[in-house]
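Here are my notes for your first look at this entry. Keep the 3D view open and follow the points in order.

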Amino acid sequence: MTANDFWAEGEPVFDKAAPDGPVETRWERRKFSAKLVNPANRRKLTVIVVGTGLAGGSAAATLAEAGYRVKSYCYQDSPRRAHSIAAQGGINAAKNYRNDGDSVYRLFYDTVKGGDFRARESNVYRLAQVSVNIIDQCVAQGVPFAREYGGLLDNRSFGGTQVSRTFYARGQTGQQLLLGAYQALERQIGLGNVEMNARHEMLELIIVDGKARGIVVRDMVTGEITTEFADAVVLASGGYGNVFFLSTNAKGCNVTASWRAHRKGALFANPCYTQIHPTCIPESGSHQSKLTLMSESLRNDGRVWVPKKAADCPKPAGSIAEEDRDYYLERIYPSFGNLVPRDIASRAAKNVCDEGRGVGPGGLGVYLDFADAIKRLGRKAVEAKYGNLFEMYERITGEDPYETPMRIYPAVHYTMGGLWVDYDLQSTVPGLFVVGEANFSDHGANRLGASALMQGLADGYFVLPNTISNYLAAGPFKKVTESDEAVVEARKQVEDRIEKFLSIDGDRTVDSFHRELGQIMWEYCGMERTEEGLTKAIGLIRALKEEFWTRVKVPGKGEELNQNLEKAGRVADFIELGELMCIDALHRRESCGGHFRAESQTPDGEALRHDDQFSYAAAWEYFGADGKPVLHKEDLNFEYVHPSTRSYK
Amino acid sequence: MDIKVRVWRQAGPSAAGKMVTYDVKGISPDASFLEMIDVLNETLILGGDDPIAFDHDCREGICGACSMVINGVAHGPEKATTTCQLHMRKFSDGDVIDVEPWRAAAFPVIKDLVVDRSAFDKIIQAGGYITAPTGTAPDAHATPVPKKDADAAFEAATCIGCGACVAACPNGSSMLFTAAKIAHLGLMPQGQPERDSRVIDMLQAQDDAGFGGCTNAGECTTVCPKGIPLSLIGRLNSDYRKAITTR
């Protein structure tokens, strides 16, 4: 495979904002060198924030507290419903409250290693540093974290680590953290410092004189299209896991804000880095609209197994004798056991199912068994720890996990790729900042559990508010008006697209295209990838795109609440993104993090990374619908955590 | 399973609405209630009809977006369950199921089953928070919270703001929602400085938003998908009495 077939290679990309010197002081020095905006000038500056999850909600609230004028947008009916709310397990912080040898350096080390050496050391170190402040901030806001009897905060451990550094609020940590950020945001809305626009969707980015200066939005209730201006734009629009149709994401999660920005010049980095979560409830039928994750914290006490013999798979779990069970994670990875990182656990599950030893419908499931934990701790203690998760499982499957083991299977969960940003979280479009899951930084090729909440809040509360001032210090920028050529053009692009969707009047629904795209992506660009499969997928996606634009049927009008019109725009962008994901996966001829390239494995079937060839972030530039994307490489340098083979054995 | 659904159809806020009957055939008992409507909508679209608009997002019972009154009960027949977590196995083959939007003066219908719940955000804006600007926090362990209080605060904090309590209340009152927030924040030491002003301001905002008064009908807690107890309203009332007398 050569670059010429599907992509072209361009100049490397550099992170010019990154400080050097000792990693421990880089963030302090960057903050000190950043220009400040005096309080009287802040109120003259406006920032648009798209998305109200942990990253966007905390950023909007913090920027407003600092005195900037903020316009906030979300597609939901209230900022409180952003999908961060569904995160179950917890949030990491290097507090070392357990005296178990944890430190900022160890969290940094674990995260770089866990990401398979495909993240930047500077960013990850900063993340570990501010993790400590995040917990303080959230506690001050009244987030009801789990407590010990003495009144101090409780901790638990999570996959991929050997210390207890995860703070949690039962199985609803994301909800509680999000409510904290949401309440801080609502306070600023009440004070008049934030203009909140719920049920509004960003459909285009406005760039004037080379700078991001606004967005085109659709009021999802009236259908009205408006243009909104600001001195800087922040995207906090989340991940794109819904490209797979079935994922653990909320149904509305989409890539449109990021993709529109990509088409306007922002580089998109590592699009193929998808995290497959090992502990999801398996699919039950063709009606399935999404998958539900069971918190990874369950693996602290649950034991994963399948029958040793394929013939035993259809039998009830309870009738399979102890010696006929294969606790495969404990067997293959004795030092980490059931707590191996997500990519390892996911692939191990896929392997045993591929061997024909999977359980449940279609043989796509493994057991997560709490019988030992119930025997050891008592049912009451297990209930206290995981009660709501057990209930949720029973609701969905109709099976009681206290009596029979849960069935789990890997599912698409999180996307580590996203818009390329520098150390200041600024994209390649000046004035366009990207935070949280929407950017590509910090997690590398795989994300450790309880790190997503940490990154969202780190970016929103502490990083962006400090770095964006350096950019805003040059503002206020020249006034943008409706009649500016770039504004007229962006608006027209949105209107034309909507008109096109409504005029095709074909014979296939938007969902049917989305489902088909998802099947292609899961089959060829999921956990395991091959050169042949990816090449095939690109052809299939191109054909699907053509069919979409000739056969899709979108009922209704533009000037009304029209949920199918909303979906059509998002699916059209997912189709284009899907193609880029496959191209990125094709070019990365190594097994790394969340993905396994079948051509690159060790003799015993473990993932084989190629640091000599692929130790870079792949940042893609858009070159038109029929043009080839151009690859810009950002070399990754490891001065502190030296790339080594990850072994959890 | 084959069922009939009678769904409230209303083209817009000022349009007249009516119940319309649809047949849904061959639906899996493992499908969720919302997935059943997805399947129905696919048929409606291909048949040239307008699909049913409804709010939903996470589909795992936590975002609070889904909002349907099913056979007269907010979120349907299963206790402590959101509509997205209600599965068709809870119904029987041949059932006729009524589906309506939340109905309350403070939640105007936007289209079909979609209602405007922004009045809840207004209540939070009035004081449903602890004033703790970013960067001002002491070390998290500087303020111990007794486990009992933290657990009780957590129970109250599990409210997802779906609005079922309002939809079920004969007065269209949002008292359970407000009480949950008052209890969550008031049970922790961090929430004490603003405890009095919070309850006064949130109750005022609740009245201003057009919610009805609480008469202890108790319907709210019966339908609450998170099991927020009625006792929290008692707690709110006592906080309120204390706040107005000490003000």
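**Notes on a sheet and an interface**

1. Start with chain A. An open sheet of 5 strands is found there, in the order 6-3-2-10-18, and the pairing is parallel. Keep in mind that this is a predicted model.

2. Which strands stand at the edges? They are strand 6 (194-197) and strand 18 (432-434) of chain A. Each has a single partner strand, so one side of each is left without a neighbour in the sheet.

3. Check one pairing by eye. Strand 10 (residues 232-235) of chain A runs parallel to strand 18 of chain A, and 3 bridges join them. Leu235(A) stands opposite Val434(A) in strand 18.

4. Move on to the interface. Chain B gives 75 residues to the contact and chain A gives 77 residues. Together they bury about 6100 Å², with 53% of it on carbon and sulfur atoms.

5. How many salt bridges cross the interface of chain B and chain A? The rule finds 6. One of them joins Arg117(B) to Asp77(A), with the closest N and O atoms 3.4 Å apart.

6. The rule also finds 47 residue pairs in polar contact across this interface. By class, the side of chain B that touches chain A has 37 nonpolar, 19 polar and 19 charged residues.

Definitions and conventions: Residues are numbered from 1 along each chain as its sequence is written. Chains are lettered from A and ligands numbered from 1 in the order in which they are written. This is a predicted model: local features need pLDDT of at least 70, side-chain atom pairs count only at pLDDT 80 or more; totals for chains, interfaces and linings use all residues. Side-chain values use heavy atoms; hydrogens and water are left out. Two strands pair if DSSP finds at least two bridges between them. Helices (H or I, at least four residues) and strands (E, at least two) are DSSP runs, numbered from the N terminus. Contact means heavy atoms within 4.5 Å. Buried area is the accessible area (1.4 Å probe) that two parts lose on being put together, summed over both. A salt bridge is a side-chain nitrogen of Lys or Arg within 4 Å of a carboxyl oxygen of Asp or Glu. A polar contact is a pair of N or O atoms within 3.5 Å; within protein, one must be able to donate a hydrogen and the other to accept it, and residues adjacent in sequence count only if both atoms are side-chain atoms. Ala, Val, Leu, Ile, Met, Phe, Trp, Tyr, Cys and Pro count as nonpolar, Asp, Glu, Lys and Arg as charged, and the others, Gly among them, as polar.
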